[in-house]
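Here's a quick tour of a predicted model, taken piece by piece. Have the structure open as you read.

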Amino acid sequence: MSKLLHSNFARLKRYPIFWIEMILAIGYSIFVCMTLYQDMIRYEESVAMESILFNFLVLIGIVMAVFCSLFIGTEYSDGTIRNKLIIGHSRNNIFISNFILCMIVGLLIYLTAVITTCAVGVPLFGWIQIKWSSCLLLFVDGALLCIAYAAIYNVIAMLTTNKAHTAIISTLVAFGLLFVTIWLYQSLQQPEMMQQAVMEGGEIELETVRNPNYLTGLKREIYQFILDFIPSGQATQISSLEVVHPYWMGIYSIIIIFVFNLIGMICFQKKDLK
Amino acid sequence: MEYVLKTNALSKQYGHFKALNGLSMNVPKGAIYGFVGKNGAGKTTLIRLICGLQAPTEGEYFLYGKRHTQKNIVKSRRRMGAVVETPSVYMDMTARENLKQQCMILGCPSFDGIDELLELVGLSHTGKKKAKHFSLGMRQRLGIAIALVGNPDFLVLDEPVNGLDPQGIIEIRELILKLNREYQITVLVSSHILDELSKLATHYGFIDQGHIVREISAKELEQACRKCVQIEVSSTKILAYVLDEWGMEYTILSDTKAELFGKINVTELTIRLAKEHCEVKSMQEKEESLESYYIRLIGGRKDE
């Protein structure tokens, strides 16, 4: 396994997509800080440092989908996965070494974004105002969701032997999760009460009524569960500091990591390779 | 005799299609084993199985005496290198970088030997040129170089001269011969270019419809293919008596047919046999090439 990791990281060092994504993480973080600072000056609003600290998490799914599909997909398109199998490396070791690489890349990009945001944001907006323990919990949840993404995209890449198909499927999954998250989030964000205009005696009057789109009971719980479970849902909650179940989110990520790796290893073991 | 590879009733099924059907073969140590068969016969499927890319449906194979299901077959796999179908090279890396990658995958303690390998395959001049800019011949040679990292003593080459120009074919052939003669590497090379194999192989395995039709050494093949006169007589017993008198080499095929080797005076033979009341029914010269031997063996059916 150490030999496989060594060769993977040697390849990573010269892989342009990885460096582009690192620059993207830095550039995006600086852009967000500068934009909010300009708004702060223009509109005389205050910006809390913690509200932008995990901003990049919203994009991490797409970033990792691109990286994992192209990096691992190259092993199939160039046929180099055969070199590893021919000389006797086990399929499980090959699978796990690729997962570890994707995991470390995801964490590196995440960490780079957070550090850049801190480096640029703290001088502009001041220190984090929330408790350090809460901040650390959110940071760990963010790291775990990156690892969960790594597990998902590693499985897709290892079981799809065509690089182009891998890229398409991974991108569709990334955007699919994002759209589902947006839909769930908007549904859960509906207010319980709303203002409704009614005509009374020829005059328009505003009335406070129950919002029919407000989710209640089991439906609300299911929506919240899915939002807590899927990595994109976790990313949205963390970046907007609206986390409802921070401890459960970490556990869900661990479950995703374990289940996807297990299923992936079993399927890859049986796969006929050309 | 020591065998590097032995397969025993190896079968591989994809759905309803049986690509390998009870294939049994033996690759002797130190041989250049030419694996001959038409398109779709099962050559590449067998190579995929022995390289560990796919698992057999039935049967077994042994690499250096280790069964394919044994955990310690890893040690046997370390002794082998292969180029399966197309060369496995990172297109965005140079030749040197590709070999370094393979060194890391193998866990080689250093990158010593890379220069010699590049020299051996004729790629020492490629410098910073990436593999995606290589010609097909150069990629084939790089694939062989990658397979040679770690000093294997068993090399598996799947149609290594496919798509190469005549110069490229000669270079690959000479490389294989050099590896076998100077480095004692056992080579299993699959091909359907018979002429090319006839210049290389020390042993042949003819495959058709997923099983081995015949295994034969180059010496035995030479014997089988050499120029002779095929004669049909009324009694090969009498023929044998006459030929023994003359000290001529021959092979009895049946009660009425035989093959005669060497220079024959047809008139004298016919007169001599007539004296012994043996009729000569027909005589024809025969010389078999590897191609005609193969066609006769396989049947010359169209590719399915």
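## Starting at a strand pair

In β2(B), B:Pro28 is the bridge partner of B:Tyr3. Helices and strands here are DSSP runs numbered from the N terminus, helices being H or I with at least four residues and strands E with at least two. Two strands count as paired if DSSP finds at least two bridges between them. β1(B) and β2(B) run antiparallel and are joined by 8 bridges. Their hairpin has 2 residues between the strands, and B:Gly15 there takes a positive phi near 65 degrees.

A word on bookkeeping: residues are numbered from 1 along each chain as its sequence is written, while chains are lettered from A and ligands numbered from 1 in the order in which they are written. As this is a predicted model, local features need pLDDT of at least 70 and side-chain atom pairs count only at pLDDT 80 or more, whereas totals for chains, interfaces and linings use all residues.

## The rest of that sheet

β1 (residues 3-14) of chain B also pairs with β4 (residues 58-63) of chain B, in the antiparallel sense and over 5 bridges. Within β4(B), B:Phe62 stands opposite B:Lys6, and B:Leu63 stands opposite B:Leu5.

Put together, 4 strands of chain B make an open sheet in the order β2-β1-β4-β5, with antiparallel pairing. At the edges sit β2 (17-28) and β5 (66-67) of chain B, each pairing on one side only. As background, strands of a sheet pair through backbone hydrogen bonds, either parallel or antiparallel.

B:Tyr33 is found in strand β3 (residues 32-36) of chain B. Why does B:Tyr33 count as buried? Because 25 other C-beta atoms lie within 10 Å. The cut-offs are 20 or more other C-beta atoms within 10 Å for buried, 12 or fewer for exposed, and partly exposed in between, with C-beta atoms placed from the backbone.

Leaving out residues up to four places away in sequence, B:Tyr33 touches B:Val27, B:Val187, B:Leu188, B:Ala201, B:His203 and B:Gly205. A contact means that the C-beta atoms of two residues, placed from the backbone, lie within 7 Å. B:Val189 is 156 residues from B:Tyr33 in sequence, yet the two are 6.1 Å apart in space, C-alpha to C-alpha.

## A mostly covered helix

Helix α5 (residues 136-148) of chain B has 13 residues and reaches 18 Å from its first C-alpha to its last, close to the 18 Å expected at 1.5 Å a residue. That expected span is 1.5 Å times one less than the number of residues. α5(B) is mostly covered, with 11 of its 13 residues buried. Among them are B:Met138, B:Leu142, B:Ile144 and B:Ile146, along with B:Arg139 and B:Arg141.

What do the buried residues of α5(B) pack against? From chain A there is α5 (81-86), and from chain B come β6 (80-83), α3 (95-106), α4 (114-121), β7 (154-158) and α6 (166-183). Just after α5(B), B:Gly150 takes a positive phi of about 90 degrees.

## Where the chains meet

In total, 24 residues of chain B are in contact with 19 residues of chain A. On the chain B side, α2 (73-77), β6 and α3 each supply at least two residues. α3(B) gives the most, with 5 residues. By class, that side has 13 nonpolar, 8 polar and 3 charged residues. Nonpolar covers Ala, Val, Leu, Ile, Met, Phe, Trp, Tyr, Cys and Pro, charged covers Asp, Glu, Lys and Arg, and the others, Gly among them, are polar.

## Domains and a second hairpin

An automatic or database domain assignment sets the bounds used here. For chain B it gives domain 1 (3-216) and domain 2 (227-287), and their centres, taken over C-alpha atoms, are 46 Å apart.

Strands β12 (residues 249-252) and β13 (residues 257-261) of chain B run antiparallel and are joined by 4 bridges. A hairpin of 4 residues connects β12(B) to β13(B), and B:Thr251 stands opposite B:Glu259 in β13(B).

## Chain A and confidence

Chain A has 11 helices and 2 strands. Of its 274 residues, 36% count as buried, and its C-alpha atoms fill a box of roughly 85 × 45 × 35 Å along the principal axes.

The model scores ipTM 0.88 and pTM 0.87. Chain B averages a pLDDT (the predictor's confidence in each residue, from 0 to 100) of 90, and 98% of the residues score at least 70.
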